[in-house]
Amino acid sequence: MVKAKILVVEDERVVALSIQNRLESLGYTVTANVISAEAAIAGIPQNPPDLVLMDIRLKGKVDGIEAAAQMRQQFQLPVIYLTAYNDQETLERAKLTEPYGYLLKPFESKDLATTIEVALYKHKMEQQLREREQWLATTLKSIGDAVITTDPQRAITFMNPVAEALTKWTQQDALGQDLNQIFLTIHEMTREAIPNPVTLSLERGTTVNLENHTLLINKEGEEIPIDDSAAPIKNDSEQILGAVLVFHDVIEQRQIQALLKQTNADLEQRVAESTAQLRQQNQQLEAEIARRQQLEEELRVALARERELSQLKSRIVATVSHEYRTPLTTILSSTEMLQRYSDRLTPEKKQKHFQRVKQSVEHLTNLVNDMIFIEQAEIQALEFNPTPVNVEELVGEAIEAVRPKSAGKHTLNLICPSECDRVVLDGSLLRLILDNLLSNAIKYSPEGGLIEVELSPQAQEIRLRVSDEGIGIPPDDQGKLFKAFYRASNIGITPGVGLGLVIVKECVELHQGRVEVESEVGAGTTFTIILPVAESVEG
């Protein structure tokens, strides 16, 4: 292990040489041994140390305390004071420079080594903390929603750039002001003032959602429709330390709703026109009755498709809104705790918050990837690239990738009675199939048990069975499993959005294959994937 580099500032040469000898005997490197503060400061850029041993009483215009303050400000160096004086006035001046240690002469070598190591460790931890605080501050500023935090008296303590843009207040001008002076809201219909949700949240100690039809009156008098909620910020003792207000404008959402309304009106008009035209044709051309029935059927299918798309859009808006808001709230809560109370949190609690942020970001990333996949499937933009694949190896990798999700509750086995190492398939699509089926098997087997993957290569096809001993699927739900955003009726609070099996079905159909499901409630589920394949490649 490389020992630290140390700068010695001591105007008593005998003492200085003694200190240098002790440091070198302890394995440290002395970058310089100088007698004045001016010489110490001038030499730092050319040969920067990791730590400074500073005598308080130095000859010259600048004493050790003033020199330490300059070193901390210019170079962020940790300083340990060396002095034969322990009077109260000296101690008070020294404390103002936030030293990392204080050694009274004479001192033992072990005391010197201990003080140095503690100071270096403390300095390292402070550097890491500053980096984490910068990272968390950047994260908060990058959130797409507006965020304002207050103390228990509603005085503003933080505003991110989105909040500044919507309220037209800068954080510098808003800090310390009462939130009621910055965040003014009225009801869009009645034009009456709406109670501040932060006030209600602080009084009740719970999350409070904004009312529908809420308008924000910003600093320039603009009226902006907004939506979202306020929540109290509590410590581990449930003491309220302040509140956080998260909101966003709903202008685009309203434009989409208006567009959907107009689209529906246009559709109804077209339906009415088509119906009138069909009636006229029926009166004029008896011979075309069969044709009139065909057109009606096509129209019925089109209307059903339009209704299905409308329902799908509604589910997409509701699902994405919920699935994004929850992890974003988690990220905000954890980052706020780390930013404001990092010095009070144990490393374990800090790691817990970092893990919550990481899991929330992974959840959002996976949701976006799934939505993009479904979008590409809808417009038939998915690519199918079959190549020779070692299926047994790919399945093994997929099992190992999901094994951490099992948390040791499940036994994951792979059965492959014959070689299956060079099969022409799309490996990326096959991996998506496996990831979703294995994740579901773990997710819906809360009590653990056996999860088995069996490969059965045939002459013209390959069969892939994934079975579990989980909660099973009710018979009434089995025919709807491959609809977007559909979830079985017995899943309870198990997280998910209902896209995994849709992705599996799309991947299988790109292979011109099929999916079979066998399930019994309380006994488990087996999915069988049948994929036609080209001839195996030798070599």
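**Hairpin, helix and ring pairs**

Reader: Through how many residues does a hairpin join strand 16 to strand 17?
Author: A hairpin joins the two strands, where strands (E, at least two residues) and helices (H or I, at least four) are DSSP runs numbered from the N terminus. This is a predicted model, with local features needing pLDDT of at least 70 and side-chain atom pairs pLDDT 80 or more, while totals for chains, interfaces and linings use all residues. Residues are numbered from 1 along each chain as its sequence is written, and side-chain values use heavy atoms, leaving out hydrogens and water. As for the link from strand 16 to strand 17, count 3 residues.

Reader: Over how many bridges does strand 17 pair with strand 19?
Author: Strands pair if DSSP finds at least two bridges between them. Strand 17 (residues 461-467) pairs with strand 16 (residues 449-457) in the antiparallel sense over 6 bridges, with S456 opposite R463. Strand 17 also pairs in the antiparallel sense with strand 19 (residues 524-532), and there you get 7 bridges.

Reader: What arc do the buried residues of helix 1 cover?
Author: Helix 1 (residues 13-25) buries A16, I19, Q20 and L23, where buried means under 20% relative accessible area, exposed over 50% and partly exposed in between (1.4 Å probe, protein chains only). The arc is taken from the directions from the helix axis to the C-beta atoms. Those four sit on the same side of helix 1, because they cover an arc of only 100°.

Reader: Which exposed residues sit on the face of helix 1 turned away from its buried side?
Author: Past the helix comes G27, with a positive phi near 100°. On the helix itself, the face away from the buried side carries V14, N21 and S25.

Reader: How far apart in sequence are the parts that Y81 and Y102 tie together?
Author: The whole structure has 2 aromatic pairs; Phe, Tyr and Trp rings (six-membered ring for Trp) pair with centres within 6.5 Å, and planes under 30 degrees apart are stacked, over 60 edge-to-face, the rest tilted. Y81 and Y102 are edge-to-face, at 6.2 Å and 70°. Y81 is in strand 4 and Y102 in strand 5, so the parts tied together are apart by 21 residues.
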